[in-house]
Amino acid sequence: MNEMSPTRSEREAKLEGMGCSRRRTEDARFIQGKGNYVDDLKLPGMLFGDFVRSPYAHARIKKIDVSKAAALPGVKAVLTANELKPVKLDWMPTLAGDVQAVLAGDKVLFQNQEVAFVIAEDRYIAADAVELVEVEYEDLPVLVDPFKAMDPKAPVLREDIKDKTEGAHGKRKHWNHIFTWEIGDKAGTDTALNSAEVKVKELISYQRVHPSPLETCACVASMDKVRGELTVWGTFQAPHVVRTVAALLSGITEQKIHVIAPDIGGGFGNKVGVYPGYVCAIVGSIVLGQPIKWVEDRMENLSATAFARDYHMTTELAATKDGRITGLKVHVLADHGAFDACADPSKWPAGFFNIVTGSYDIPVAHVAVDGVYTNKAPGGVAYRCSFRVTEAAYCIERAIDVLAKKLKMDPAELRLKNLIRAEQFPYKSALGWEYDSGNYHAALRKAMETVGYQKLREEQRQKREAFKRGETRELMGIGVSFFTEIVGAGPTKNCDILGIGMFDSCEIRVHPTGAVIARLGTKSQGQGHETTYGQIIATELGIPADSITVEEGNTDTAPYGLGTYGSRSTPVSGAATAMAARKIKAKAQKIAAHLLEVSENDLEWDIDGFRVKGLPERTKSMKEIAWAAYNNVPPGLEHGLEAVNYYDPPNMTYPFGAYICVCDVDADTGFTKIRRFYALDDCGTRINPMIIEGQVHGGLTEAFGIAMGQEIRYDETGNVMTASFMDYFMPTAVETPVWETDFTVTPSPHHPIGAKGVGESPNVGGVPAFSNAVNDAFAHLDIGHIQMPHDGWRTWMAAKQAGLHK
Ligand code: PCD
Ligand SMILES: [Cu+]
């Protein structure tokens with residue numbers, strides 16, 4: 001080698017592969033305002049759709065008069081359920097096996113439900129026309145409290161299914177009951193509870209919240225009547241699924257439907273489902289033969305498209321006197337709103353809630369979930385938490401603290417005592433999951449050491465003394481949370497959406513010059529996929545990430561995939577990417593052997609090409625091999641260098657983390673100041689440390705929002721009280737604490753590159769850390785569990801209940 005040739009580490013650095021904090025390639029357009037979002041799309045002759053929505057939460061529709069609206073100049077059509085009926089689109093199937101009214105026909109079931117769709121030349125005319133539609137309602141008794149849903153006298157909400165005793169997930173017990181989902185050993189758990197030395201029982205509620213991404217939901221539907229083809233641009237986290245649903249509903253053959261998800265301004269689960277706006281825009285375009293745009297406003301987004309949580313978890317833990325947990329029992333009352341439109345894999349009506357044994361070695365457990373209808377918006381999405389995982393983590397992490405208080409044990413100590421030990425992995429949980437890998441004790445100990453846990457406890461003790469002496473009005477709280485996430489849905493043997501297995505895909509083409517285009521079935525909404533998938537390919541193929549273009553979201557070009565949510569992109573498509581790259585590499589090895597005139601087995605991989613074993617100067621770089629793939633392949637081998645992989649993961653991945661939050665509560669105002677927040681995450685092999693840090697910052701900020709103030713609240717007549725950012729807490733840079741991040745690395749043994757997901761972890765682990773901190777501030781006082789969100793008012797009430805106000 002001459003002295004000018006790059007060293008091995010220079011060659012490696014040039015790739016910007018896995019482990020590199022490579023700058024996000026997509027940001028070049030985002031920070032210049034050159035992103036291309038749905039609302040940027042302008043087509044010739046494009047019309048605008050807008051909804052007439054119900055002011056009532058529960059009412060019979062007596063009459064709809066659209067004549068004045070239709071007569072307004074510029075209005076092209078007004079759709080009601082009557083117009084949708086002949087094409088059988090007044091109702092649509094939901095992801096959860098229920099049906100949902102596209103436009104309300106006989107009655108409305110939640111405030112702001114879609115009643116009519118006005119199509120006009122511009123959005124101002126459409127908005128004016130909405131005001132001119134006259135709807136006569138007769139109000140009905142409203143059901144808001146899920147605990148009253150199954151009362152014998154509760155109003156019948158879903159008249160369309162009131163006599164059905166079977167739902168999509170088994171027997172129904174009541175006209176407002178959706179399903180019961182049960183798992184675990186009931187008798188064994190009851191025995192553990194009955195014979196326990198110590199028991200705790202608490203109703204732990206996780207309030208209804210909303211993902212509220214910066215960009216609301218939107219679409220443009222364009223029917224080309226001549227070619228018989230439909231194109232739909234939309235804010236879709238799962239574009240292929242949208243195309244399949246559109247084909248099934250419209251009868252247009254699937255290849256004639258083009259679904260395109262352009263840049264998306266945040267999804268957070270809100271953009272997984274199918275909404276009436278999409279259906280109405282598509283129908284309108286088919287009828288009028290013109291493109292139709294529909295864009296939600298903020299109030300519509302907060303009050304009508306998918307909410308998250310609304311889980312009410314009655315939780316019991318059994319333990320020995322010295323703090324060994326011997327059993328866990330949870331009953332969940334799940335408020336699903338007016339239609340069961342939960343976004344979960346088909347066979348999992350309560351998502352992966354059975355991860356509720358958390359990070360602990362609990363010998364026996366039982367979970368039962370009852371889903372009920374209420375007069376609230378439908379939905380139930382994984383707002384940054386896989387499927388019901390954040391609810392499960394909140395449930396067990398709060399319960400552990402409740403138990404610690406009863407045992408008078410330190411909550412971190414109690415966790416260390418019960419965490420699954422490193423040598424127990426792969427670990428089979430009492431509720432059926434096989435955790436792939438973990439080193440929990442190392443993570444929690446590192447967290448405790450880094451924050452100086454013992455010192456903080458000592459400071460807290462002193463501060464409590466000082467409070468008693470009247471020297472301070474602040475209560476200090478320390479919140480510990482240790483979470484295990486379950487992400488990467490999922491093995492097709494038990495995970496599907498509408499019958500389509502939850503594999504995912506990647507197609508890679510290496511061009512003659514060694515440049516690459518890769519296409520995937522997932523869809524970034526801000527996560528940085530264009531950057532990170534390129535890094536996986538760079539390392540696998542020895543091609544600089546800068547020569548790799550990553551494309552997602554166009555169903556015409558991307559291989560079929562189930563989309564991005566549940567932190568599944570890395571566990572599933574990330575694996576598909578590595579596997580597709582390895583197919584290419586195997587072919588490249590044959591070509592290299594041909595070029596070097598040696599046997600394939602005489603070659604070994606070296607950063608960016610193959611070299612002959614024992615003769616390191618005889619090499620062929622991937623760039624040279626790529627060129628040869630198009631003009632000099634060994635006899636019998638096809639030309640070209642490309643591969644596709646559809647990856648069916650053998651198991652989920654189980655990222656985990658240890659979070660510690662320190663707060664100071666002002667007893668007189670109820671205001672809680674987050675003094676410190678430390679987050680240690682383990683997501684296995686790290687692809688891009690900077691992006692991971694960004695993901696953790698974002699997820700913690702959302703967790704902060706949820707724990708400290710967010711709630712979609714209804715009054716007793718079903719009015720949404722929090723349908724704008726005036727009322728729904730949206731943390732800005734002003735309120736958001738400073739985050740300290742850290743990590744350990746425990747690779748997933750079954751994933752080709754050992755990576756686990758991370759995007760959701762900070763929300764899953766963050767919420768209980770905040771909530772435990774606020775509760776911990778009052779732990780020395782005799783008040784029970786304080787419900788979220790911990791806004792000033794609730795916290796002030798807690799202080800009052802504790803007798804701290806004079
Ligand atoms: N180990 C590892 C892992 C991971 N990573 C990175 O990180 C990220 C993420 O990832 P993941 O975890 O796999 O995830 P994904 O699938 O991609 O995504 C999803 C998520 O993501 C998160 N994040 C975010 N970000 C943003 N910006 N935006 C948004 O929207 C969002 N969302 C959220 C959510 S909610 Mo769901 O939907 O609820 O279910 S789910 C979710 C990407 O980029 C990747 O590559 C790395 O690096 N490494
Ligand atoms: Cu969830």
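Modeller: Here is how the labels follow from the definitions. This is a predicted model, in which local features need pLDDT of at least 70, side-chain atom pairs count only at pLDDT 80 or more, and totals for chains, interfaces and linings use all residues. Residues are numbered from 1 along each chain as its sequence is written, while chains are lettered from A and ligands numbered from 1 in the order in which they are written.

Colleague: Okay, A443 first: why is A443 called buried?

Modeller: "Buried" takes 20 or more other C-beta atoms within 10 Å of the residue's own, "exposed" takes 12 or fewer, and "partly exposed" is what falls in between, with C-beta atoms placed from the backbone. A443 has 23 other C-beta atoms within 10 Å, so A443 is buried.

Colleague: Which residues is A443 in contact with, leaving aside its neighbours within four places in sequence?

Modeller: A contact means two C-beta atoms, placed from the backbone, within 7 Å. On that test A443 touches F656, G657, A658, L680, D682 and T744. A443 itself sits in helix 12 (residues 440–451); helices here are DSSP runs of H or I with at least four residues, strands are E runs of at least two, and both are numbered from the N terminus.

Colleague: How do you know that strand 2 and strand 6 pair?

Modeller: Pairing needs at least two bridges found by DSSP. Strand 2 (residues 59–65) and strand 6 are joined by two bridges and run antiparallel, so they meet the cut-off of at least two. R60 is opposite K107 in strand 6.

Colleague: Why are strand 6 and strand 8 at the edges?

Modeller: The open sheet has three strands in the order 6-2-8, with antiparallel pairing. Strand 6 (107–108) and strand 8 (134–139) have a single partner strand each, so one side of each lacks a neighbour in the sheet.

Colleague: Where does the hammerhead label come from?

Modeller: From the record: an unreviewed UniProt entry annotates residues 32–141 as "domain: Aldehyde oxidase/xanthine dehydrogenase a/b hammerhead". Over residues 32–141 the chain is 17% helix and 36% strand.

Colleague: What are the domains, then?

Modeller: They are domain 1 (8–36 + 504–647), domain 2 (38–140 + 216–264 + 271–304) and domain 3 (307–489 + 652–801), with bounds from an automatic or database domain assignment. The C-alpha centres of domain 1 and domain 3 are 38 Å apart, and their contact takes 23 residues from each of the two. On the domain 1 side, helix 14 and helix 15 each give two or more residues, and helix 15 has the largest share, seven residues.

Colleague: Last one: which residues around ligand 1 come nearest?

Modeller: Of the 39 residues around ligand 1, those are G269, G526, S569, T570 and G759; being near takes a C-beta atom, placed from the backbone, within 6 Å. Helix 17 gives the largest share of that shell, four residues. Domain 1 and domain 3 each contribute at least three residues to the shell around ligand 1.

Terms used. UniProt positions are given in the numbering used here, feature names are shortened, and annotations may be inferred rather than shown by experiment.
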